[in-house]
Amino acid sequence: MYKVDRAYKYACQMCHEAFPNVEMCQIANSPEVELDPMNLCLCPNCASEYKKMRADEYDLEYFLEDIENLSDAEIGSMDPVEVAFGNETIWFTQTHIAEIRELRALQEAVDKYKDSAGSGQKKPVDKPVQEDDDPEAEVVVSGTDIYKDYMASDDDSYEADRELWRKLYKTYIFNNDSLDQVLEDQSLYWNDDKEIVDTFVLKTIKRFDEKKGANQELLPEFKDDEDQEFARRLFRRTILNSDYYRHLISENTKNWDLDRIAFMDIIIMQTALAEILSFPNIPVSVSLNEYVEIAKLYSTSKSGSFINGTLDGIVNQLKKEGKLTKN
Ligand SMILES: [Zn+2]
């Protein structure tokens, strides 16, 4: 949302033409580019212009550099920041800029990793242990009990080899508090992801098939297309309607100043409302239970019942107003 003619409106980020409602925004999106999750709000004309410029790597490189070089003052401003892109100017909000920077940082980390992996600088697995090394931080495969047991066993089957690596991964990567700590220092968001990735890796190793050699199948990122579409749609609806959901939340928490409600609780309720209002096939009670559980896990100890009560009030209000018809 941007301030247009002294009022906050949804507007095209390029020509700044205001839309009567958010549904009019065209979401410019192309999955193969690195700014993909940054759903730009563009009118149809600007969207096609934008896609053309994205295809031009020269323009894109300058555009990304300009974003990188924005000052803290510009980013901290409540007004939209203007960034030149080719002959156009694109308005960005703080949230956009933060997202772009996070994506750039991740991309750089991936590139750096690829470089070092490609130049043959990989450490040998059986590097000798040094006395002062943190034993948990550095795993020497040949020194582990798991490896010693494996070597002492008569079983030289493929299954035994597979089990060796599964056990090593489970012990030294999955259940490694030091590694979790290192990752958490890098980014607050990584540890939740790590648990999921670890589970996937372990399942994948378990399914290793001798006949497939080095071409083992990896578990798919999503269960199916529908699952992926669900995630995208939920995310978009939450972002695009966040102001409306905030409004509903504030109306139903009259005894509370919105600023005093945990930020995490607001985000969880906004996402819950997006699910309740955008997915006719999901029963309200299923969504309610789901987000109350999420709140217990990610927010404060009181968040579960607070969110349950607030969402319940909003659902009743929307039903009375005829804006919500499912059960
Ligand atoms: Zn436009």
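## Helix packing and nonpolar cores in a predicted model

The chain contains 13 helices and seven strands. The structure is a predicted model. Its chain has 327 residues, of which 15% count as buried.

### Two partners of helix α11

The table sets out the two pairs.

| Helix pair | Axis distance | Angle |
|---|---|---|
| α11 and α13 | within 11 Å | roughly 40° |
| α11 and α12 | 10 Å | about 160° |

Consider the pair of α11 (residues 263-278) and α13 (residues 303-320), whose axes cross at roughly 40°. The two helices are therefore oblique to each other. In this pair, α11 passes α13 in a right-handed crossing. On the side of α11, the residues that make the contact are D265, I268, M269, A272, L273 and I276, while α13 contributes S303, F306, I307, T310, L311, I314 and V315. By class, this contact of α11 with α13 consists of 10 nonpolar residues, two polar residues and one charged residue.

The pair of α11 and α12 has an angle of about 160° between its axes. Because an angle over 145 degrees counts as roughly antiparallel, α11 is roughly antiparallel to α12. The crossing of α11 and α12 is right-handed. Here α11 takes part through M264, D265, I268, T271, A272, E275 and I276, and α12 through V284, S287, Y291, I294, A295 and Y298. The residues in the contact of α11 with α12 comprise nine nonpolar, two polar and two charged ones.

### The nonpolar cores

Which residues have the most contacts inside the largest nonpolar core? They are I268, M269, A272, L273, I307 and L311, in a core of 17 residues. At least two residues of this core come from each of α10 (242-251), α11, α12 (284-298) and α13. The greatest contribution is that of α11, which supplies eight residues. When neighbours within four places in sequence are left aside, L273 is in contact with Y245, L248 and I314. Another core, which lies apart from the largest one, has 16 residues, including C12, M14, V81 and V83.

### Two loop residues

The residue H16 is located in the loop between β2 (7-11) and β3 (18-19). Is H16 buried or partly exposed? It is partly exposed, because 15 other C-beta atoms lie within 10 Å, whereas a buried residue needs 20 or more. The backbone of H16 also deserves attention. Most residues other than glycine have a negative phi. In H16, which is not glycine, phi is positive, with a value near 70°.

The residue P80 belongs to the loop between α3 (72-76) and β6 (81-85). P80 counts as partly exposed because it has 18 C-beta neighbours inside 10 Å. The C-alpha atom of P80 is separated by 9.2 Å from that of I90, a residue 10 residues away along the chain.

Notes
Residues are numbered from 1 along each chain as its sequence is written. This is a predicted model: local features need pLDDT of at least 70, side-chain atom pairs count only at pLDDT 80 or more; totals for chains, interfaces and linings use all residues. Axes are lines fitted to C-alpha atoms, for helices over the stretch in contact, and angles run from 0 to 180 degrees between N-to-C directions. Helices (H or I, at least four residues) and strands (E, at least two) are DSSP runs, numbered from the N terminus. Angles under 35 degrees count as roughly parallel, over 145 as roughly antiparallel, 65 to 115 as roughly perpendicular and the rest as oblique. A crossing is left-handed if the near helix is turned anticlockwise from the far one by less than a right angle, and right-handed if clockwise. Two residues are in contact if their C-beta atoms, placed from the backbone, lie within 7 Å. Ala, Val, Leu, Ile, Met, Phe, Trp, Tyr, Cys and Pro count as nonpolar, Asp, Glu, Lys and Arg as charged, and the others, Gly among them, as polar. A nonpolar core is a set of buried Ala, Val, Leu, Ile, Met, Phe, Trp, Tyr and Cys residues joined through C-beta atoms within 7 Å. A residue is buried if 20 or more other C-beta atoms lie within 10 Å of its own, exposed if 12 or fewer, and partly exposed in between; C-beta atoms are placed from the backbone.
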